[in-house]
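Subject: Structure handover

Hi,

Here is the structure I promised to pass on to you. Please have a look at it first, and then read my notes below.

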Amino acid sequence: MRLLDRTEMKLTVDYGTFGIVDMAPVPDPRGLVAPAQGSWLRIRRGMAYPDLVSNVAFIRLRLESWGPGGPGTEPTLEGDWARVDEADVEMPSGVLGIEVIAAGLDEEVFSLPGPGQYRIRVAFCVAPEVDPVPLRKSHAPIERAWQGREKELEDVDEFFLVQFWRV
């Protein structure tokens, strides 16, 4: 359980989602895998798309790469989170970009240790002044969770923590 690397950025996200995408994607005939009932994270080979609680939002995004065994649950998930979800995703090159629909693709913002199969954990919280209304009917109500995350929510609507480790 060792943090290998991390980066943090602020983004303006539109259309209620953003993508964490591998820069050398391999075609996946299945397309995006529909999220399970109540889920908000869509995965396909080389891509992960978390949904926001607003159609347009200012977010802070932290990407982390962890060694074998992943981060565990402490201390990285201290404080309150609106949602936490995990999935397996294959990253063909391990070099990641961030895709925002209106702004396009910001290439090579983060590198994983290499290509391969990863477990991804995405957690987010919502600033107390943001009204957390689910965008899609299939989503469960979103809790007003943010205590302990005040620093990460400074000047943004939502904070996303995305952690990767090999499986």
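Let me start with the pairing of strand 6 and strand 9: they run antiparallel and are joined by nine bridges. Strands here are DSSP runs of E with at least two residues, helices are runs of H or I with at least four residues, and both are numbered from the N terminus. Two strands count as paired if DSSP finds at least two bridges between them. Within this pair, Ala87 stands opposite Ile120 of strand 9.

Before going further, a word on the basis of all this. This is a predicted model, in which local features need pLDDT of at least 70 and side-chain atom pairs count only at pLDDT 80 or more, while totals for chains, interfaces and linings use all residues. Residues are numbered from 1 along each chain as its sequence is written, and side-chain values use heavy atoms, with hydrogens and water left out.

**Overall make-up**

The protein chain has 10 strands and zero helices. Of its 167 residues, 50% are buried, where buried means under 20% relative accessible area, exposed means over 50%, and partly exposed is in between (1.4 Å probe, protein chains only). The accessible surface of the chain comes to about 8000 Å², and carbon and sulfur atoms account for 51% of that; these areas come from the Shrake-Rupley method with a 1.4 Å probe, with only the protein chains shown counting as cover for residues. Taking contacts (heavy atoms within 4.5 Å) between residues at least 6 apart in sequence, 81% join residues at least 24 apart.

Strand 9 is mostly covered, with eight of its 11 residues buried.

Another open sheet of five strands has the order 3-4-2-7-8, with antiparallel pairing. Strand 3 and strand 8 (104-111) each have a single partner strand, so one side of each is left without a neighbour in the sheet. Here too, the twist averages 20° from one strand to the next.

Strand 2 (residues 19-22) is worth a look, as both of its faces are covered: Gly19 and Val21 on one side and Ile20 and Asp22 on the other are all buried. Strand 2 pairs with strand 7 in the antiparallel sense over four bridges, with Val21 opposite Gly97. Strand 2 also pairs with strand 4 (residues 47-50), antiparallel over two bridges, and Ile20 has Ala48 as its bridge partner there. Further along the sheet, five bridges link strand 7 and strand 8 in the antiparallel sense, and the bridge partner of Val95 is Ser111 in strand 8.

**The nonpolar core**

Which residues touch the most other members of the largest nonpolar core? They are Phe18, Ile59, Leu61, Ile98, Ile120, Phe160 and Phe164, out of 41 residues in that core. A nonpolar core is a set of buried Ala, Val, Leu, Ile, Met, Phe, Trp, Tyr and Cys residues joined through side-chain atoms within 4.5 Å. The strands that each supply at least two residues include strand 1 (3-13), strand 5 (57-66), strand 7 (95-100) and strand 10 (158-166). Strand 9 gives the most, with seven residues.

Leaving aside neighbours within four places in sequence, Phe18 is in contact with residues including Val13, Ala48, Tyr49, Pro50, Ile59, Leu61, Ile98 and Phe160.

**A buried arginine**

Finally, have a look at Arg42 in strand 3. Arg42 counts as buried because its relative accessibility is 16%. The side chain of Arg42 makes a polar contact of 2.8 Å with the side chain of Asp51 and another of 3.1 Å with that of Thr17. A polar contact is a pair of N or O atoms within 3.5 Å; within protein, one must be able to donate a hydrogen and the other to accept it, and residues adjacent in sequence count only if both atoms are side-chain atoms.

Best wishes

Note on methods
Axes fitted to C-alpha atoms, helices over the stretch in contact; angles between N-to-C directions.
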